[in-house]
Amino acid sequence: SFYSAFPDTDRWFGSRGSFFESFPRQGSFQCNPPFAGLSAQQIGNHISRLLASSDLPLSFTVFVPKKVYEDFFKPDAKGKGAGAEAVDMSRWQRHAYKLPYKAHWYVSGNHHILGVKDRDACW
């Protein structure tokens, strides 16, 4: 199961609704937020609040491109964009693993229509 921005249509595929309306107290979760700055900031703030409010085992693995990490999640980040601020995750972060540029890629769901090759979609 997963959370999504469109629970009305995604519920047929197993969506549990909006991540912002979820309040897990324990468990481990993988998060791949939209790469837009303000969305990353909001998700980071929600995760921080969830971690602060739980005394049970709770963890999140967050996947973001290097630029989003540096703008919003890195301990000395400043935030970037209208209304955006950095998310102070330093209290919670245990590890940051960074893949080298072009050692990974994001493949858009409609890459076959756009004619984008995997190697052209690198972050």
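This is a predicted model: local features need pLDDT of at least 70, side-chain atom pairs count only at pLDDT 80 or more; totals for chains, interfaces and linings use all residues.

Modeller: Residues are numbered from 1 along each chain as its sequence is written, and side-chain values use heavy atoms, leaving out hydrogens and water.

Colleague: Where is F13 found?

Modeller: F13 sits in the loop between α1 (7-10) and β1 (27-31). Helices (H or I, at least four residues) and strands (E, at least two) are DSSP runs, numbered from the N terminus.

Colleague: And does F13 count as buried or exposed?

Modeller: F13 counts as exposed, because its relative accessibility is 66%; the cut-offs are under 20% for buried, over 50% for exposed and partly exposed in between, with a 1.4 Å probe and protein chains only.

Colleague: Switching topic, in what order do the elements run from the N terminus?

Modeller: The order is α-β-α-β-α-α, with 4 helices and 2 strands in the protein. Of its 123 residues, 27% count as buried.

Colleague: How many salt bridges does the structure hold?

Modeller: There is 1, meaning a side-chain nitrogen of Lys or Arg within 4 Å of a carboxyl oxygen of Asp or Glu. D55 pairs with R25, and their closest N and O atoms are 3.3 Å apart.

Colleague: Which parts does that pair tie together?

Modeller: D55 is in the loop between α2 (37-53) and β2 (58-62) and R25 in the loop between α1 and β1, so the pair links parts 30 residues apart in sequence. D55 is exposed, at 67% relative accessible area, whereas R25 is partly exposed at 40%.

Colleague: Last one: which residues are closest to the centre of the largest pocket?

Modeller: That pocket has a volume of about 1100 Å³, and of its 31 lining residues, T61, V62, F63, V64 and Y97 are closest to the centre.

Colleague: Which element gives the largest share of the lining?

Modeller: β2 does, with 5 residues; α2, β2 and α3 (66-73) each supply at least two. On a 1 Å grid over the protein atoms alone, a pocket is an open set of points with protein on both sides within 12 Å along at least five of seven lines, and lining residues have an atom within 4 Å of a point. Points are joined across faces, edges and corners, and the volume is the space filled by probe spheres set on them.

How values were computed: On a 1 Å grid over the protein atoms alone, a cavity is a set of points where a 1.4 Å probe fits but cannot get out, and a pocket is an open set with protein on both sides within 12 Å along at least five of seven lines; lining residues have an atom within 4 Å of a point.
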